[in-house]
Amino acid sequence: MKEKESVKGLKRKISERVRRIRGSGIREFFDIAQRMEDVISLGVGEPDFTTPWSAREACIYALEKGYTSYTSNWGLLELRKAISDMLYKEIGVFYDPESEIIVTTGVSEAADIAIRAIVDPGDEVIVHEPSYVSYKPCTIFAGGSPVSVRTSVEEDFRLTADALEESISEKTKALVLNYPNNPTGAILRRKDLEEIADVVVEHDLIVISDEIYGKLTYEGKHVSIASLDDDLKERTILLNGFSKAHAMTGFRIGFAAANAEIIEAMMKIHQYVMLCAPTPAQIAALEAIKDENSVERMISEYNRRRKLMVAGLREIGLECFEPKGAFYAFPSIASTGMSSEEFARRLLFEERVVVVPGSVFGEAGEGFVRCAYALSQQKIREALARIENFLQRHGVARN
Ligand code: PLP
């Protein structure tokens, strides 16, 4: 009895901000699936490719040579120089590797310290939804208030300038942009970004632009909001990393590029909570940047899988928005009459296929499920056949 009381007491000691947050819904399904046999997972957004050998070899050599100590808090200068060159080549913006780039432990850390560096208690941060799951909790951890803006399939899940404008108040500090988008696969064109940029400038906002899927753009080229003009470069904190396009999730290397004053502010948090990103992993990332062929090969394969997944979902009777980036399809499951959570749960137990309920990504995701196609074409075909069985059992007709 005494012990129970003391546990209860401890729970009350957990901070109110942390108690408010639910654990990630993505992990929940993943954990259930791991205890089951013969499951095909379209759940976790993680490349099925092993990290290209060049990067793994560099990491092994780094360990052999004894590179096992801290790097500078900023990250290896050589890596920052390579990141700077890569950004200039890809989005046409120059960032000074000495003062405008910080290497982080994944984009996860970069997003956290970007938000914490600029948010004061009471500040509002706008997040378009459906959205990746970390921005809102990070805002709450920082004492700020996330404000959701819905995007819809009718508008190709693009954030519009009008919707942004409507959600702005005098407390708004920043906008989080994530295109190519997780979970919808939507992208923004230059014109969309220009319209958003006008609102951003008018209301003097900071943009935290998570471009982790930038390389995974299948139609046309990724455009960064930071590339529009010097003012947008100054007010954008660009986040990117190696997890997705380079298949390096476990290495935990990301980075932020921004105005030197903002990077300096992020550095204050980074140096106390992280010190530096793992040294052998930074050396691997440096090699990964050079290995463009491996990245190209993986992107071409994702593109084939994307076409297979979208055509397959449509054929078996689900309406599916055409994703133009990232590695997710986001079909509507409205025709089943189930909520997205019920659909995902029943599909897992009846057909052993994991998808993520759209509601995990905010209210605007309800009525959809996320299907990651970062797995082999054979497995995608098998998953589609199982989903078809499921749909037929529940009375959804094939197209
Ligand atoms: N940002 C987005 C949009 C993501 O989808 C993910 C992972 O799924 C992350 C950030 C986290 O990336 P990292 O592995 O670099 O921490």
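Guide: The discussion below treats a sheet, a helix pair and the aromatic rings. Please bear in mind that this model is predicted.

Visitor: In what order do the strands of the open sheet of three strands lie?

Guide: Strands of a sheet pair through backbone hydrogen bonds, either parallel or antiparallel. Here the order is β9-β12-β11, and the pairing is antiparallel.

Visitor: Which strands stand at the edges?

Guide: These are β9 (328-329) and β11 (356-357). Each has a single partner strand, so one side of each lacks a neighbour in the sheet.

Visitor: How many bridges join β11 to β12?

Guide: There are two bridges between β11 and β12 (residues 369-372), and the two strands run antiparallel. Val-356 has Arg-370 of β12 as its bridge partner.

Visitor: Let us turn to the helices. At what angle do the axes of α13 and α15 cross?

Guide: The axes of α13 (residues 292-315) and α15 (residues 377-393) cross at roughly 10° and come within 10 Å. Because angles under 35 degrees count as roughly parallel, α13 is roughly parallel to α15.

Visitor: Which residues make the contact?

Guide: From α13 come Glu-301, Arg-304, Arg-305, Leu-308, Met-309, Gly-312 and Leu-313. Helix α15 contributes Gln-377, Ile-380, Arg-381 and Leu-384. By class, the contact of α13 with α15 has five nonpolar, two polar and four charged residues.

Visitor: How many aromatic pairs does the count come to?

Guide: A pair of aromatic rings is described by the distance of the centres and the angle of the planes. The count here comes to 13 aromatic pairs. In one of them, the ring centres of Phe-157 and Phe-321 are 5.2 Å apart and the planes stand at 85°, so the pair is edge-to-face.

Visitor: Where in the chain do Phe-157 and Phe-321 lie?

Guide: Phe-157 is in the loop between β4 (145-150) and α8 (161-167), while Phe-321 is in the loop between α13 and β9. The pair thus links distant parts of the chain, 164 residues apart. Phe-157 is buried, at 1% relative accessible area, and Phe-321 is buried at 12%.

Visitor: What is the geometry of the pair formed by Phe-330 and Phe-361?

Guide: This pair is also edge-to-face, with 6.5 Å from centre to centre and 75° between the planes. Phe-330 lies in the loop between β9 and α14 (340-351), and Phe-361 in the loop between β11 and β12, 31 residues apart. Phe-330 is buried, with a relative accessible area of 0%; Phe-361 is buried, with 1%.

Methods: Residues are numbered from 1 along each chain as its sequence is written. This is a predicted model: local features need pLDDT of at least 70, side-chain atom pairs count only at pLDDT 80 or more; totals for chains, interfaces and linings use all residues. Side-chain values use heavy atoms; hydrogens and water are left out. Two strands pair if DSSP finds at least two bridges between them. Helices (H or I, at least four residues) and strands (E, at least two) are DSSP runs, numbered from the N terminus. Axes are lines fitted to C-alpha atoms, for helices over the stretch in contact, and angles run from 0 to 180 degrees between N-to-C directions. Angles under 35 degrees count as roughly parallel, over 145 as roughly antiparallel, 65 to 115 as roughly perpendicular and the rest as oblique. Contact means heavy atoms within 4.5 Å. Ala, Val, Leu, Ile, Met, Phe, Trp, Tyr, Cys and Pro count as nonpolar, Asp, Glu, Lys and Arg as charged, and the others, Gly among them, as polar. Rings of Phe, Tyr and Trp (its six-membered ring) pair if their centres lie within 6.5 Å; planes under 30 degrees apart count as stacked, over 60 as edge-to-face and the rest as tilted. Buried means under 20% relative accessible area, exposed over 50%, partly exposed in between (1.4 Å probe, protein chains only).
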